[in-house]
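Work through the exercises below with the sequence and the model open. Each task is followed by a solution in steps.

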Amino acid sequence: MDIAAAMERAISASREAMGISSPNPPVGAIILAADGSVVGVGSTQQPGGPHAEVMALRAAGDAARGGTAIVTLEPCNHTGRTGPCAHALVEAGIAEVHYAVSDPNPVAAGGADTLRAAGVRVTGGVGAADVENGPLRPWLTRQRLGRPHVAAKIAAGIDGRIAAPDGTSQWITGPAARDHAHAQRARIDAIVIGTGTALADNPTLTARTADGMLYPHQPARVVLGHRDLPADARLRDPAGGPLIQVDSHDPADVLAALPDALWVLVEGGPHILGAFFAAGLVDEVHTYVAPLVLGAGRSSVEIPGVTTLADGLRFRTSSVTRLGEDVLVTLARPSTTSRDN
């Protein structure tokens, strides 16, 4: 297997760690034997567990000696809950390391230098764009901005309506779009809604498979607002992720209540979404668009103070995916328009 193909496989492996590794980065690693065959695949485990390189080395065993490691993030160089991965690669006899992204954390950085000092051939920047815009992106947001990566989720008809005038909204999108949305929930750290949505819809906010089973990882469920939830609210069901109530209307207070989160999904109503947009805290938008025209009803987002086109917040289209009869449009905020403080 060539290095580019191995990096693609490492990226795929890193997706298995999303939502599980937090606050550690979701990293994937591949070990190639001296003949180029894949002998080890690994991803970051839960905090305190092995990192991706160690998992891949364990799978490879003695076949790692003289081989090549392909890793989505520069191997760490410090001892925290686990030992430094750079040292583990050296001890395993790895001859060559290719990684995608340099570690921006000064505490953990320096693995590449340690490897080179031990005689290992090291190449950085391999597939960096795919990794930075893929599974590692939320962790990089946390490192660079000191807060979680925030995605706003919208499910609407082609006219932007998320509910009919009588309040009915189930279901605007079809099964394929809903399955995709649940799979996304299984990769994130927290879902945010407001008390209005919590009281009106009584949701569970769990991540479920197509047959209704719970995914192994369940995100924390965050409710923003001053009103309390009734004792029988489905959000209190312990089968889902932990319930966090934030007695505030300030989106910044939500992010402060999630110090270990890497990726937060805002699924609230138009006012909650509008508050996050207005605060400049939305990094990407997941819009599930159904082939449906309501012509009236609730709009998807309401941002106070936007009265003219020039006040609108522009994003760039990063992908368009067909899901059954629906379409998922994923938008990313250009870094040049960042409004973070």
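This is a predicted model: local features need pLDDT of at least 70, side-chain atom pairs count only at pLDDT 80 or more; totals for chains, interfaces and linings use all residues.

Contact here means heavy atoms within 4.5 Å.

**Exercise 1. Describe the surroundings of Cys-76, leaving aside its neighbours within four places in sequence.**

Step 1. Cys-76 is in the loop between strand E3 (68-73) and helix H3 (85-91).

Step 2. List its partners. With neighbours within four places in sequence left aside, Cys-76 contacts His-51, Glu-53, Gly-83, Pro-84, Cys-85, Ala-86 and Ala-108.

Step 3. Classify its exposure. Buried means under 20% relative accessible area. Cys-76 has a relative accessible area of 7%, so it is buried.

**Exercise 2. Which residues does the UniProt "binding site" annotation that includes Cys-76 cover, and what is the largest C-alpha distance in that group?**

Step 1. Read the record. An unreviewed UniProt entry gives "binding site" for His-51, Cys-76 and Cys-85.

Step 2. Compare sequence with space. These residues are spread over 35 residues of sequence, yet they cluster in space, with a largest C-alpha distance of 9.2 Å.

Step 3. Check the contacts of His-51. Not counting residues up to four places away in sequence, His-51 touches Asn-24, Ser-43, Thr-44, Cys-76, Thr-82 and Cys-85. Both Cys-76 and Cys-85 are among these partners.

Step 4. The loop between strand E2 (38-43) and helix H2 (52-60) holds His-51. Its relative accessibility is 17%, so His-51 counts as buried.

**Exercise 3. Characterise the largest pocket by its volume and its lining.**

Step 1. Take the volume, which is about 900 Å³.

Step 2. Take the lining. It consists of 33 residues, and Lys-153, Gln-170, Trp-171, Asp-201 and Glu-267 lie nearest the centre of the pocket.

Step 3. Assign elements. Two or more lining residues come from each of strand E6 (149-157), strand E7 (161-163), helix H7 (175-185) and helix H8 (195-201). H7 contributes the most, with five residues.

Step 4. Sort by class. The lining of the largest pocket has 14 nonpolar, eleven polar and eight charged residues.

**Exercise 4. Which residues does UniProt list under the "binding site" annotation that includes Glu-267, and which of them are in the lining of the largest pocket?**

Step 1. Read the record. The unreviewed UniProt entry lists Arg-185, Leu-205, Arg-208 and Glu-267.

Step 2. Compare with the lining. Arg-185, Leu-205, Arg-208 and Glu-267 are included in the lining of the largest pocket.

Step 3. Examine Leu-205. This residue lies in the loop between H8 and strand E9 (220-224). Because its relative accessibility is 5%, Leu-205 counts as buried. Not counting residues up to four places away in sequence, it touches Arg-185, Ile-191, Ile-193, Arg-221, Leu-235 and Glu-267.

Step 4. Examine Arg-208. The loop between H8 and E9 also holds Arg-208. At a relative accessible area of 27%, Arg-208 is partly exposed. Its contacts, leaving aside neighbours within four places in sequence, are His-182, Arg-185, Met-213, Leu-214 and Tyr-215. The Arg-208 side chain also makes a polar contact of 3.1 Å with the side chain of Thr-204.

**Exercise 5. Is Met-213 buried or exposed, and how far apart in space are Met-213 and Glu-74?**

Step 1. Apply the cut-off. Exposed means over 50% relative accessible area. Met-213 has 53%, so it is exposed.

Step 2. List its contacts. With neighbours within four places in sequence left aside, Met-213 contacts Ala-207 and Arg-208.

Step 3. Met-213 and Glu-74 are 36 Å apart from C-alpha to C-alpha, and 139 residues apart in sequence.

**Exercise 6. Which residues of H7 are buried, and what covers the buried residues of H7?**

Step 1. List the buried residues. In H7 these are Ala-177, Ala-181, His-182, Ala-183, Gln-184 and Arg-185.

Step 2. Name the cover. It includes E6, strand E8 (190-194), strand E11 (263-266), strand E12 (284-290), strand E14 (316-323) and strand E15 (326-332).

**Exercise 7. Characterise the second largest pocket by its volume and its lining.**

Step 1. The second largest pocket holds about 600 Å³ of space.

Step 2. Its lining has 24 residues, of which Asn-133, Gly-134, Gln-184, Glu-284 and Thr-330 are the closest to its centre.

Step 3. E14 provides the largest share of this lining, four residues.

Step 4. By class, the lining of the second largest pocket divides into eight nonpolar, ten polar and six charged residues.

Definitions and conventions: Residues are numbered from 1 along each chain as its sequence is written. Side-chain values use heavy atoms; hydrogens and water are left out. On a 1 Å grid over the protein atoms alone, a cavity is a set of points where a 1.4 Å probe fits but cannot get out, and a pocket is an open set with protein on both sides within 12 Å along at least five of seven lines; lining residues have an atom within 4 Å of a point. Grid points are joined across faces, edges and corners, and a volume is the space filled by probe spheres set on the points. Ala, Val, Leu, Ile, Met, Phe, Trp, Tyr, Cys and Pro count as nonpolar, Asp, Glu, Lys and Arg as charged, and the others, Gly among them, as polar. UniProt positions are given in the numbering used here, feature names are shortened, and annotations may be inferred rather than shown by experiment. Buried means under 20% relative accessible area, exposed over 50%, partly exposed in between (1.4 Å probe, protein chains only). A polar contact is a pair of N or O atoms within 3.5 Å; within protein, one must be able to donate a hydrogen and the other to accept it, and residues adjacent in sequence count only if both atoms are side-chain atoms.
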